[in-house]
Amino acid sequence: MNMIYNSQNYCVVAFHGPDGEVGGFEIMDKFGGKEIYIGGDLAEHFRSDVQDLIESQPSEEQVDDFLRRFEGLMQHPLVLH
């Protein structure tokens, strides 16, 4: 598990599989109090889109705007454990 992004609004954690490759991502909306775990093909698309975004040297606001696209998928309450 590795936190790859943390802003006032969002936090993204990458989960690694036994081979060291990223197996999925957890995207957390701090103010909405919800989160989503994405794996498989969606995680691959997310990783590719994030790499493209990073190449453009985005501001925090631009990254948050990108992550906001996932809010509609977030159904699980964010729980501290």
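A salt bridge is a side-chain nitrogen of Lys or Arg within 4 Å of a carboxyl oxygen of Asp or Glu. The structure holds three of them. This is a predicted model, in which local features need pLDDT of at least 70 and side-chain atom pairs count only at pLDDT 80 or more, while totals for chains, interfaces and linings use all residues. Residues are numbered from 1 along each chain as its sequence is written, and side-chain values use heavy atoms, with hydrogens and water left out.

**Exercise 1. Where does Ala43 lie, and is Ala43 buried or exposed?**

Solution. 
Step 1: Find the element. Ala43 belongs to helix H1, residues 40-55. Helices (H or I, at least four residues) and strands (E, at least two) are DSSP runs, numbered from the N terminus.
Step 2: Apply the cut-offs. Buried means under 20% relative accessible area, exposed over 50%, and partly exposed in between (1.4 Å probe, protein chains only). Ala43 has a relative accessibility of 4%, so Ala43 counts as buried.
Step 3: List the contacts (heavy atoms within 4.5 Å). Leaving out residues up to four places away in sequence, Ala43 touches Gly24, Phe25 and Ile38.
Step 4: Look at a distance along the chain. Glu71 is 28 residues from Ala43 in sequence, and their C-alpha atoms are separated by 15 Å.

**Exercise 2. Which residue forms a salt bridge with Arg47, and in which helix do both lie?**

Solution. 
Step 1: Side chains of opposite charge can pair when their charged atoms come close.
Step 2: Name the partner. Arg47 pairs with Glu44, and the closest N and O atoms are 2.4 Å apart.
Step 3: Glu44 is partly exposed, because its relative accessible area is 41%.

**Exercise 3. Which parts does the salt bridge between Asp49 and Arg69 tie together?**

Solution. 
Step 1: Give the distance. The side chains of Asp49 and Arg69 meet at 3.7 Å, N to O.
Step 2: Place each residue. Asp49 lies in helix H1, and Arg69 in the loop between helix H2 (60-68) and strand S5 (76-77), so the pair ties together parts that are 20 residues apart in sequence.
Step 3: Asp49 is partly exposed at 33%, whereas Arg69 is exposed at 53%.
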